[in-house]
Amino acid sequence: MARNEEKAQSMLYRFREAQAAELGLGTRADRRPRMASACKSLRECERWRGEILREISRKVSKIQDAGLTDYEVRDLNDEINRLMREKRHWENQIVALGGANYRRNVAMLDDDGKEVPGTKGYKYFGRAKELPGVRELFQSRKNEEEEENKTLAYYKKFLNQGPSYYGDLDETDGKLLEAERRAEDEEWEEMYTNIKEALGLPEDAPAPSIPRSEKSKSSTPPAGIDTSNPAYAHAQAAAAYISFLDTPDLLPPKMPTRAEMEGVLLDLKKKALVEEYFGNDQMAT
């Protein structure tokens with residue numbers, strides 16, 4: 001008996017035990033079960049999960065070695081993924097036994113923090129990302145994201161535009177109204193020329209002017225309306241042709257500014273928070 005205790009305390013014996021643990025061997029009594037569901041002890045499940053994590057850490061460090069061949073890198077990467085699957089089985093068993101849920105935190109993703117598409121959960125570590133075929137996979141993923149970012153940047157310039165982008169402030173531009181008036185005169189002259197040719201009227205017959213009215217049916221504008229605005233004159237001229245509308249009815253709507261919209265949204269959020277706070281207090285009482 002004393003001989004066995006001395007053997008267990010020897011330096012060579014402890015070295016062999018550490019080497020076997022590193023390789024995942026161990027003794028028969030201390031060997032990790034093949035099926036996680038066969039272990040019914042929460043403490044043992046936590047122990048085997050920790051052992052798998054240590055093995056993964058050692059292999060991830062080893063796969064960074066530049067002296068490894070491509071075949072060795074592929075084998076190491078396969079072993080790491082096998083250990084990752086085994087770790088998930090032990091984590092599921094820990095949850096089934098009432099332990100902590102380690103599956104909430106997703107780790108071991110690619111460089112951009114995303115899972116490589118089309119690999120069904122297979123991950124690449126260290127030098128495995130530089131293997132032939134794998135490098136092109138990551139590059140294609142990067143190119144797709146760059147194209148998506150360019151498309152998003154192109155359409156972003158059309159977002160959060162003010163009313164001027166949609167032409168709601170065109171009526172306030174005096175130059176634009178004058179250009180529209182000239183275009184109307186030219187089109188009126190062209191149409192009258194076509195009518196003269198069709199009816200056989202004399203060519204020197206002068207074209208009548210466009211019937212425009214600069215006065216509105218309501219001589220006194222309502223309070224709060226800026227009559228110096230070019231939009232008011234345009235609406236006043238249009239109201240002369242429409243019997244059931246007045247000048248104020250044809251004015252463009254007043255668009256709220258960005259600051260006004262932000263103020264309205266802020267007031268709504270404050271109101272919702274106050275209602276939620278007092279509603280919870282009433283429920284508590």
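Contact here means that heavy atoms lie within 4.5 Å. The structure shown in these views is a predicted model.

**View 1. Alanine 205 sits in a loop between two helices.** The loop runs between helix H6 (174-199) and helix H7 (230-239). Setting aside neighbours within four places in sequence, alanine 205 touches Tyr192 and Lys196. Threonine 193 is 12 residues away from alanine 205 along the chain. The C-alpha atoms of these two residues are 9.6 Å apart.

**View 2. Lysine 87 is a buried residue of helix H4.** Helix H4 covers residues 70-96. Is lysine 87 buried or exposed? Its relative accessible area is 12%, and buried means under 20%, so lysine 87 counts as buried. Which residues does lysine 87 contact, leaving aside neighbours within four places in sequence? They are Arg49, Ile52, Leu53 and Ile56.

**View 3. Arginine 32 forms salt bridges with glutamate 55 and glutamate 86.** Side chains of opposite charge can pair when their charged atoms come close. Between glutamate 55 and arginine 32, the closest N and O atoms are 3.1 Å apart. For glutamate 86 and arginine 32, the closest N and O atoms are 2.8 Å apart. That pair also joins distant parts of the chain: glutamate 86 is in helix H4, 54 residues from arginine 32. Glutamate 86 is buried at 15%. Arginine 32 is buried at 17%.

**View 4. Arginine 47 meets glutamate 44 within helix H3.** Their side chains form a salt bridge, 3.3 Å from N to O. The two residues are three apart, about one turn of the helix. Arginine 47 is partly exposed, at 36% relative accessibility. Glutamate 44 is partly exposed too, with a relative accessible area of 28%. Elsewhere, salt bridges that share partners join Arg32, Glu51, Glu55, Arg82 and Glu86 into one network. The count of salt bridges in the model comes to 10.

**View 5. Two arginines lie over aromatic rings.** The charged end of arginine 47 sits over the ring of tryptophan 48. The distance to the centre of that ring is 4.4 Å. Arginine 49 lies over the face of tyrosine 102. Here the distance to the ring centre is 3.7 Å.

**View 6. Tyrosine 154 and tyrosine 155 form an aromatic pair.** A pair of aromatic rings is described by the distance of the centres and the angle of the planes. The model has one aromatic pair by count. In that pair, the ring centres of tyrosine 154 and tyrosine 155 are 5.2 Å apart. Why is the pair called edge-to-face? The planes meet at 80°, and an angle over 60 degrees counts as edge-to-face. Tyrosine 155 is part of helix H5 (residues 134-156). Tyrosine 154 is partly exposed, with a relative accessible area of 44%.

**View 7. Tyrosine 154 and tyrosine 155 also belong to a nonpolar surface patch.** The patch is made of Tyr154, Tyr155, Phe158, Tyr165 and Tyr166. Together these residues have about 580 Å² of accessible area.

How values were computed. Residues numbered from 1 in each chain as written. Predicted model: local features only at pLDDT ≥ 70, side-chain atom pairs only at ≥ 80, totals over all residues. Heavy atoms only, no water. Helix = DSSP H or I, 4+ residues; strand = E, 2+ residues; numbered from the N terminus. Buried < 20%, exposed > 50% of the residue type's maximum accessible area, 1.4 Å probe, protein only. Phe/Tyr/Trp six-rings, centres within 6.5 Å; stacked < 30°, edge-to-face > 60°. Lys NZ or Arg CZ within 6 Å of the ring centre and 35° of its normal. Patch = residues over 30% accessible without salt bridge, like charges linked within 9 Å, V, L, I, M, F, W, Y side chains within 5 Å. Areas by Shrake-Rupley, 256 points an atom, 1.4 Å probe, with all protein chains shown as cover. Salt bridge = Lys/Arg side-chain N within 4 Å of Asp/Glu carboxyl O.
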